[in-house]
Amino acid sequence: MERIDLKGLPLKKLEGLIEGKGWEKYRAKQVMRWVYKGVSDFSEMTNLPQKLRRELKEWAYVGNIEIVKKHISKTGYTTKYLFKLDDGNIIETVYMKYSYGNSVCVSSQVGCNMGCSFCASTIDGCVRNLSASEMIDQVLKVQKDQCQKITHVVVMGSGEPLLNYDEVIKFLKVLNSPLGFNISFRRMTVSTCGIVPVIYKLADENLPITLSVSLHAPMDSLRNRIMPINKKFPLHELIEAVKFYVERTGRRITFEYVLIKGLNDSKLCAENLVKLIRDINCHVNLIPANPIAERDIERPKPETINEFKRLLEQNGIKVTVRRELGRDIDAACGQLRRKVLKEGVINPL
Ligand code: SF4
């Protein structure tokens with residue numbers, strides 16, 4: 001019999017399974033509390049009858065990912081983790097300590113096939129989607145390792161979350177559940193490169209999460225070069241979907257804009273960006289590009305970044321230049337995983 005992973009399983013489903021095997025419904029809640037405390041061995045679930053613990057071993061298990069590498073930035077505010085999955089694949093997760101709380105940036109796929117030109121995660125394509133259990137475990141393992149309660153979660157690591165929709169939604173619901181992590185939906189962010197039909201679907205889901213859209217260029221000709229997805233869903237379609245999301249959810253959108261030297265950091269780009277988004281309730285995150293060895297990518301000079309920011313602000317757009325939390329540890333999407341895969345060796349902790 002194929003055993004069921006209890007991590008990420010909706011409570012109702014577990015209640016049904018447990019009742020179906022002749023046990024009281026409340027046992028399901030007891031089990032879930034252990035699971036989200038990080039206990040994966042049924043024999044340690046001490047408030048369950050011995051018989052139930054034995055039975056659970058026969059038809060269920062609790063998925064586990066394993067920390068294989070950990071890099072702490074010099075500032076001490078950022079830690080990047082590499083995790084090994086059951087099938088041997090490697091993913092990365094980033095922990096960031098902010099003044100307002102503790103945040104985890106979670107991967108949603110092994111690699112990615114969206115092909116964004118500034119991103120190391122996409123160089124070898126997408127291997128597979130992550131399960132809700134594997135996403136939950138990234139948060140659990142980081143929380144345990146840091147001995148800090150995680151207060152914010154961003155699905156912005158490797159992968160395009162909207163192409164792994166069902167598992168991502170399951171994951172967010174566990175984060176929100178009092179039996180899980182009890183994190184408000186308002187403290188969760190899902191990032192997308194612009195999968196237009198799924199933005200509409202997410203808007204109708206009625207979860208007050210923040211949607212973060214990777215924009216990176218305000219003209220189709222340029223965005224086509226930086227983000228191939230733009231050829232499928234061009235800017236006018238993306239902006240329409242974003243407006244629908246804001247209207248339907250009442251939430252402010254975040255636009256991510258990686259500034260790449262000589263590519264999308266000109267005055268013309270800033271002016272076109274203003275025209276594109278000025279009537280949207282939004283916030284822009286400017287991210288000075290992290291150089292990537294395999295690609296010809298450099299970050300603009302500080303004065304160029306400041307001028308870009310000033311132009312947006314002059315037009316009433318709220319802007320933040322993203323704090324450099326972990327440049328020394330390859331904290332940008334996919335960089336550490338890539339380095340480790342290239343080196344071909346993982347030394348366990
Ligand atoms: S930026 Fe995001 S969507 Fe684009 S290739 Fe990287 S992981 Fe994929």
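1. **A positive patch.** Lys12, Lys25, Lys29, Arg33 and Lys37 together make up a positive surface patch. A patch here gathers residues with over 30% relative accessible area and no salt bridge, with like charges joined within 9 Å and nonpolar side chains (Val, Leu, Ile, Met, Phe, Trp, Tyr) within 5 Å. In the counting of charge, Lys and Arg are positive, Asp and Glu are negative, and His and the chain ends are left out. Each charge is placed at NZ of Lys, CZ of Arg, CG of Asp or CD of Glu.

2. **What you are looking at.** Please keep in mind that this is a predicted model, in which local features need pLDDT of at least 70, side-chain atom pairs count only at pLDDT 80 or more, and totals for chains, interfaces and linings use all residues. Residues are numbered from 1 along each chain as its sequence is written, and side-chain values use heavy atoms, with hydrogens and water left out.

3. Find Lys29 in helix α2, which covers residues 26-35. Helices (H or I, at least four residues) and strands (E, at least two) are DSSP runs, numbered from the N terminus. Lys29 is partly exposed because its relative accessibility is 37%. The words to learn are buried (under 20% relative accessible area), exposed (over 50%) and partly exposed (in between), with a 1.4 Å probe and protein chains only. The areas themselves come from the Shrake-Rupley method with that 1.4 Å probe, and for residues only the protein chains shown count as cover.

4. Why is Met32 counted as buried? Its relative accessibility is 2%. Setting aside residues up to four places away in sequence, Met32 touches Leu6, Leu9, Leu11, Leu14 and Leu179; contact means heavy atoms within 4.5 Å. From Met32 to Leu11 there are 21 residues in sequence and 7.7 Å in space, C-alpha to C-alpha.

5. Side chains of opposite charge can pair when their charged atoms come close. The term salt bridge is used for a side-chain nitrogen of Lys or Arg within 4 Å of a carboxyl oxygen of Asp or Glu. How many salt bridges does a search of the whole structure find? The search finds 16. One joins Glu55 to Lys51, with the closest N and O atoms 3.1 Å apart. Both residues sit in helix α3 (residues 50-59), 4 residues apart, or about one turn of the helix. Glu55 is buried because its relative accessibility is 17%, whereas Lys51 is partly exposed at 48%.

6. **Another pair, about one turn apart.** Glu167 and Lys170 also meet in a salt bridge, at 3.1 Å from N to O. They belong to helix α5 (residues 165-176) and are 3 residues apart, about one turn of the helix. Lys170 is partly exposed, with 33% relative accessibility. Apart from residues up to four places away in sequence, Lys170 touches Gly8 and Ala132. Its C-alpha atom is 13 Å from that of Met188, which is 18 residues away along the chain.

7. **A bridge between helices.** Asp204 and Arg248 form a salt bridge at 2.4 Å, N to O. Asp204 is in helix α6 (residues 196-205) and Arg248 in helix α9 (residues 235-249), so this pair ties together parts that are 44 residues apart in sequence. Asp204 is partly exposed at 46% relative accessibility, and Arg248 is partly exposed at 45%. Elsewhere, Lys7, Asp137 and Lys141 are linked in a network of salt bridges.

8. **Two positive phi values.** Cys147 has a phi near 55 degrees, a positive value in a residue other than glycine. Look for Cys147 in the loop between α4 (132-146) and β9 (152-155). His216, which is not a glycine, has a positive phi of about 65 degrees, and this residue lies in the loop between β11 (210-214) and α7 (220-226).

9. **A glycine in a strand.** Finish with Gly101, placed in strand β6 (residues 101-105). Gly101 counts as buried because its relative accessibility is 11%. Leaving aside neighbours within four places in sequence, Gly101 is in contact with Met96, Thr151 and His152. Gly101 and Asp145 are 44 residues apart in sequence, and their C-alpha atoms are 16 Å apart in space.
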